[in-house]
Amino acid sequence: SFLSASSAVTHHAQVAWKKFTRKCSSSCHTFPYIRMAQAVSLALSRSHLIVPGIFGLGGGRLALAQRKVVETNYYPSPNSLYSRAQDGHAFVSSILLSVIEGVILLVRAIYLTILFSPSIIMAPFADSCGLKFRKIWLEVVHRTLEMAGPAFIKWGQWAATRPDLFPKDLCTKLSELHSRAPEHSFAFTKKTIERAFGRKLSEIFDSFEEEPVASGSIAQVHRASLRFRYPGKRVKPMLVAVKVRHPGVGESIRRDFMIINLVAKLSKFIPTLNWLRLDESVQQFAVFMMSQVDLAREAANLNRFIYNFRSWKDVSFPKPVYPLVHPAVLVETYEQGESVARYVDEFEGYDMVKAKLAHIGTHALLKMLLVDNFIHADMHPGNILVRVSHSKASRKRLFKSKPHIIFLDVGMTAELSKSDRINLLEFFKAVARRDGQTAAECTLRLSQRQNCPNPKAFIEEVDEAFTFWGTPEGDLVHPAECMEQLLEKVRRHKVNIDGNVCTVLVTMLVLEGWQRKLDPGYDVMETLQTLLLKADW
């Protein structure tokens with residue numbers, strides 16, 4: 001019986017305190033103390049104890065002695081109650097989700113710690129235990145990154161473009177990382193497309209191949225025949241490639257990035273790792289990742305490249321099919337062709353075609369660098385297709401072949417600031433002229449926050465190397481090999497190079513590598529030097 005009475009006096013105490021607070025707020029100067037007393041009273045009166053009950057009863061009777069109390073003024077409106085209930089529900093839900101997210105992150109961090117432990121434990125001995133042990137360690141690192149998921153695969157591919165930070169053999173091994181991932185179900189593909197465009201699959205495509213033609217760590221690609229570009233408007237049949245993002249890849253990458261970011265911030269407190277500025281590198285890597293995950297951004301990059309190369313007859317890019325573009329789905333024209341890797345490694349003969357391919361690829365990259373300042377930063381052979389149109393006369397086919405290059409997968413791009421661009425071009429000219437001191441000085445200017453501990457020693461060593469390369473014996477060393485050796489010196493002397501600049505350098509090296517295989521007599525660096533001097537850059 002007392003409990004029911006206690007709830008009644010609690011109600012009276014609440015009403016009385018509200019009345020008392022109103023009066024004191026307009027007349028009393030001790031309002032903060034009244035507010036504290038109200039909080040204590042209401043907190044105590046919510047518990048079913050004797051003392052709080054008496055406290056509430058006394059307060060209630062005292063306040064109810066007032067003559068004019070209009071209780072209805074102090075009852076919250078139904079809308080107010082509903083909004084408070086909603087706020088409370090949202091607050092509890094957010095707390096629960098935060099707890100669940102924290103548990104998931106903790107479990108993921110523990111898993112990654114266990115997974116990476118062998119690589120980390122073996123790392124200190126990789127340089128001192130012989131070549132065989134180092135090869136085993138490189139293989140362990142490679143397999144570990146493959147098992148760690150899409151974020152770490154992409155990190156490995158990005159790290160392969162940073163020979164200024166990592167040893168050459170490690171960069172070479174990381175460049176072999178395969179992005180192929182398990183294919184998601186066709187049911188998910190269909191659901192994602194229909195949700196993205198608000199239409200049934202059959203209302204967009206005449207036919208749709210359920211089996212993907214390719215699958216990477218971020219998305220997979222299906223071949224389809226377009227039926228309706230806009231609702232109810234049939235178009236001429238068009239073969240298209242439909243790129244669909246994998247389920248949960250965005251959340252997975254976001255969580256892994258949080259862990260990577262935490263490790264990078266902790267590295268600031270380790271003196272031997274501080275020069276790497278891992279926190280800055282992680283931010284650059286984040287931009288790289290976002291450009292890979294957001295397929296709408298890739299469509300925007302395609303449009304920009306298409307515009308830049310609008311007058312070129314021998315270079316093209318897939319065309320996005322608007323309005324069928326979404327962050328999770330990208331529909332683009334399906335491009336036929338052979339991978340340039342087959343011309344590099346497999347096809348015998350075709351010397352004239354290979355020579356033309358070398359020239360087209362080089363001039364395309366130099367246009368991106370010198371004219372457009374918008375560079376395709378993932379220009380490995382797997383992302384380049386070749387179409388060869390032959391004349392009808394078979395006996396003239398070899399001489400009339402016209403190769404056409406198609407660049408794919410433009411999610412990763414690079415743009416340089418004006419100062420970086422000038423320094424980089426001066427660097428290329430110095431490498432081509434074998435001017436060691438200028439090349440070293442330009443290298444030191446390739447980062448706005450240079451932390452090289454001994455710049456003078458770096459300049460002297462580079463100048464000495466270039467002096468040798470200028471001799472008849474050293475003249476046999478290819479300019480691209482000079483640049484690779486220079487990047488090795490950059491790593492040893494802890495010279496900082498901004499991420500975008502290094503990406504461009506590595507893209508040049510990758511392009512030069514397969515161009516040299518296509519046409520051994522063609523010198524990319526010499527062509528660059530000629531163009532720079534001709535354009536008076």
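This is a predicted model: local features need pLDDT of at least 70, side-chain atom pairs count only at pLDDT 80 or more; totals for chains, interfaces and linings use all residues.

Visitor: What should I expect of phi and peptide bonds in general?

Guide: Most residues other than glycine have a negative phi, and most peptide bonds are trans. Here, Asn373 has a phi near 55°, and Asp409 one near 50°. Asn373 lies in the loop between α14 and β9, while Asp409 sits in the loop between β11 and β12.

Visitor: Is Asn373 buried or exposed?

Guide: Buried means under 20% relative accessible area. Asn373 comes in at 15%, so it counts as buried. Asp409, at 25%, is partly exposed.

Visitor: Which residues does the cis peptide bond join?

Guide: Tyr322 and Pro323, with omega at about 5°. Pro323 belongs to strand β6, residues 320-326.

Visitor: Back to α16. How do I read its length and its burial?

Guide: α16 covers residues 418-433 and reaches 23 Å from first C-alpha to last, close to the 22 Å expected. Its buried residues include Asp420, Arg421, Leu424, Phe427 and Phe428. Leu424, Phe427 and Phe428 are also among the residues with the most contacts inside the largest nonpolar core, which has 69 residues. That core draws at least three residues from each of domain 2 and domain 3.

Visitor: And at what angle do α17 and α18 pack?

Guide: About 140°, with their axes 7 Å apart. That makes α17 oblique to α18, and the crossing is right-handed.

Notes: Residues are numbered from 1 along each chain as its sequence is written. Side-chain values use heavy atoms; hydrogens and water are left out. A nonpolar core is a set of buried Ala, Val, Leu, Ile, Met, Phe, Trp, Tyr and Cys residues joined through side-chain atoms within 4.5 Å. Buried means under 20% relative accessible area, exposed over 50%, partly exposed in between (1.4 Å probe, protein chains only). Domain bounds come from an automatic or database domain assignment. Helices (H or I, at least four residues) and strands (E, at least two) are DSSP runs, numbered from the N terminus. The expected span of a helix is 1.5 Å times one less than its number of residues. Axes are lines fitted to C-alpha atoms, for helices over the stretch in contact, and angles run from 0 to 180 degrees between N-to-C directions. Angles under 35 degrees count as roughly parallel, over 145 as roughly antiparallel, 65 to 115 as roughly perpendicular and the rest as oblique. A crossing is left-handed if the near helix is turned anticlockwise from the far one by less than a right angle, and right-handed if clockwise.
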